[in-house]
Amino acid sequence: MKNKIKKFPDIHSIKEMLTISATESPDAVAYEYREAGEPKSVTFSAFRDDVRSLGAALEKRGYGRSHIAIAAANSYRWIVTYLMTLTGGGVFVPLDKELP
């Protein structure tokens with residue numbers, strides 16, 4: 001995996017950074033992880049689409065700007081949920097099922 005550092009112009013949000021990355025480098029790898037021991041990767045365009053898809057699904061169910069608690073193990077879906085919350089203007093407070 002190559003570590004590339006990209007300097008963004010005056011970016012004001014993670015949503016803008018994801019949008020720019022997905023537009024300028026749609027096929028570049030955005031995230032690498034392991035699932036069931038197998039290496040996986042997701043492109044910027046697929047990452048953006050997953051974030052948008054989850055946000056649209058929640059909006060369709062009427063959640064809008066209401067408070068939503070999300071408990072999930074550290075995974076790709078957790079990252080998508082985190083970014084969906086931020087891009088939707090929400091506040092993300094991680095829940096740890098191990099804590100009371």
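Buried means under 20% relative accessible area, exposed means over 50%, and partly exposed is anything in between, with a 1.4 Å probe and protein chains only. This is a predicted model, where local features need pLDDT of at least 70, side-chain atom pairs count only at pLDDT 80 or more, and totals for chains, interfaces and linings use all residues. Residues are numbered from 1 along each chain as its sequence is written, and side-chain values use heavy atoms, leaving out hydrogens and water.

View 1. Of the chain's 100 residues, 19% count as buried. The accessible surface comes to about 7800 Å², and 53% of that belongs to carbon and sulfur atoms; the areas come from the Shrake-Rupley method with a 1.4 Å probe, and for residues only the protein chains shown count as cover. Take contacts (heavy atoms within 4.5 Å) between residues at least 6 apart in sequence: 44% of them join residues at least 24 apart.

**View 2. Tyr-31 sits in an aromatic cluster with Tyr-33, Phe-47 and Tyr-76.** Rings of Phe, Tyr and Trp (its six-membered ring) pair if their centres lie within 6.5 Å; planes under 30 degrees apart are stacked, over 60 edge-to-face, and the rest tilted. The structure holds 6 such aromatic pairs. Tyr-31 and Phe-47 are stacked, because their ring centres are 6.4 Å apart and their planes at 10°. That pair ties together parts 16 residues apart in sequence, since Tyr-31 lies in strand E1 and Phe-47 in helix H2. At 24% relative accessibility Tyr-31 is partly exposed, while Phe-47, at 6%, is buried. Tyr-31 also pairs with Tyr-76, with centres 5.8 Å apart and planes at 35°, so this pair is tilted. With Tyr-76 in helix H3, the Tyr-31 pair ties together parts 45 residues apart in sequence. Tyr-76 itself is buried, at 8% relative accessible area.

**View 3. The largest nonpolar core has 11 residues.** A nonpolar core is a set of buried Ala, Val, Leu, Ile, Met, Phe, Trp, Tyr and Cys residues joined through side-chain atoms within 4.5 Å. Its members here are Leu-18, Tyr-33, Val-42, Phe-47, Val-51, Leu-54, Leu-58, Tyr-76, Val-80, Leu-83 and Met-84. Helices H2 (44-60) and H3 (76-87) are the elements that give two or more residues to this core. Zoom in on Val-42: leaving aside neighbours within four places in sequence, its contacts are Ala-28, Val-29, Ala-30, Tyr-31, Tyr-33, Phe-47 and Tyr-76.

**View 4. Val-29 belongs to strand E1 (residues 29-35).** Val-29 is partly exposed, with a relative accessible area of 43%. Not counting residues up to four places away in sequence, Val-29 touches Ser-41, Val-42, Thr-43 and Phe-44. The C-alpha atoms of Val-29 and Ala-46 are separated by 9.5 Å, and the two residues are 17 apart along the chain.

**View 5. Helix H3 has 12 residues and carries a cap at its N-terminal end.** From first C-alpha to last H3 reaches 16 Å, close to the 16 Å expected at 1.5 Å a residue; the expected span is 1.5 Å times one less than the number of residues. Ser-75 does the capping, with a side-chain oxygen 3.3 Å from the backbone nitrogen of Arg-77. Buried in H3 are Tyr-76, Val-80, Thr-81, Leu-83, Met-84 and Thr-85. Their cover includes helix H1 (14-24), E1, strand E2 (38-43) and H2. Just after H3, Gly-89 takes a positive phi of about 85°.

How values were computed:
Helix = DSSP H or I, 4+ residues; strand = E, 2+ residues; numbered from the N terminus. Polar contact = N/O pair within 3.5 Å; in protein donor to acceptor, adjacent residues only side chain to side chain.
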